[in-house]
Amino acid sequence: MLTLKDCLALADLSEDEILAIAEHEHLPEIAALELGQYLVHTPSGAPAIRRMILDDIAAAEKRGDRIRVLTLKLVLKRFCECHPEALAVALPDPSAARAPRRVAP
């Protein structure tokens, strides 16, 4: 039987990256590991994980949790260093307000 520690050793993600996915998706660690391992091997997976970490950073900033913000920024830095494909896709900022569209008369 494999333990969480065994699965972490086989994963292409760090424990902190998996914890960020678990936090974002409200999943147990083992389920987040499985999701992350799947995502990291799909074309849009690394950018999706990057977005999750960015969302977690925004949530921590909103809570005023400076330690968590700094921790997650380090997680994001390491993730992007190990998975440069995460930077290949420009991600929209969900918090950016969009101007209303004008309809021509």
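**View 1. Reading from the N terminus, the chain's elements go α-α-α-α-α.** That is five helices and zero strands; both kinds of element are DSSP runs numbered from the N terminus, with helices being H or I over at least four residues and strands being E over at least two. This is a predicted model, where local features need pLDDT of at least 70 and side-chain atom pairs count only at pLDDT 80 or more, while totals for chains, interfaces and linings use all residues. Residues are numbered from 1 along each chain as its sequence is written, and side-chain values use heavy atoms, with hydrogens and water left out.

**View 2. The whole chain, inside and out: 31% of its 105 residues count as buried.** Buried means under 20% relative accessible area, exposed means over 50%, and partly exposed is in between (1.4 Å probe, protein chains only). The chain exposes about 7,300 Å², and 60% of that comes from carbon and sulfur atoms; accessible areas are Shrake-Rupley values with a 1.4 Å probe, and for residues only the protein chains shown count as cover. Take the contacts (heavy atoms within 4.5 Å) between residues at least 6 apart in sequence: 60% of them join residues at least 24 apart.

**View 3. Helix α2 (residues 15-25) crosses helix α3 (residues 29-39) at roughly 105°, and their axes come within 8 Å.** That makes α2 roughly perpendicular to α3. Here axes are lines fitted to C-alpha atoms, for helices over the stretch in contact, and angles run from 0 to 180 degrees between N-to-C directions. On that scale, under 35 degrees is roughly parallel, over 145 roughly antiparallel, 65 to 115 roughly perpendicular, and the rest oblique. From α2, E15, I18, L19, I21, A22 and E25 meet E29, A32, L33, L35 and G36 of α3. The residues of this contact split into seven nonpolar, one polar and three charged. Nonpolar covers Ala, Val, Leu, Ile, Met, Phe, Trp, Tyr, Cys and Pro; charged covers Asp, Glu, Lys and Arg; the others, Gly among them, are polar.

**View 4. Look for disulfides through the whole structure and you find zero.** A disulfide here is a pair of cysteine sulfur atoms within 2.5 Å. C80 is in none, and the nearest cysteine sulfur to its own, that of C82, sits 9.6 Å away. C80 counts as buried, at 13% relative accessibility, whereas C82 is partly exposed at 43%.

**View 5. C82 belongs to helix α5 (residues 66-82).** Its C-alpha atom is separated by 8.8 Å from that of L13, although C82 and L13 are 69 residues apart along the chain.
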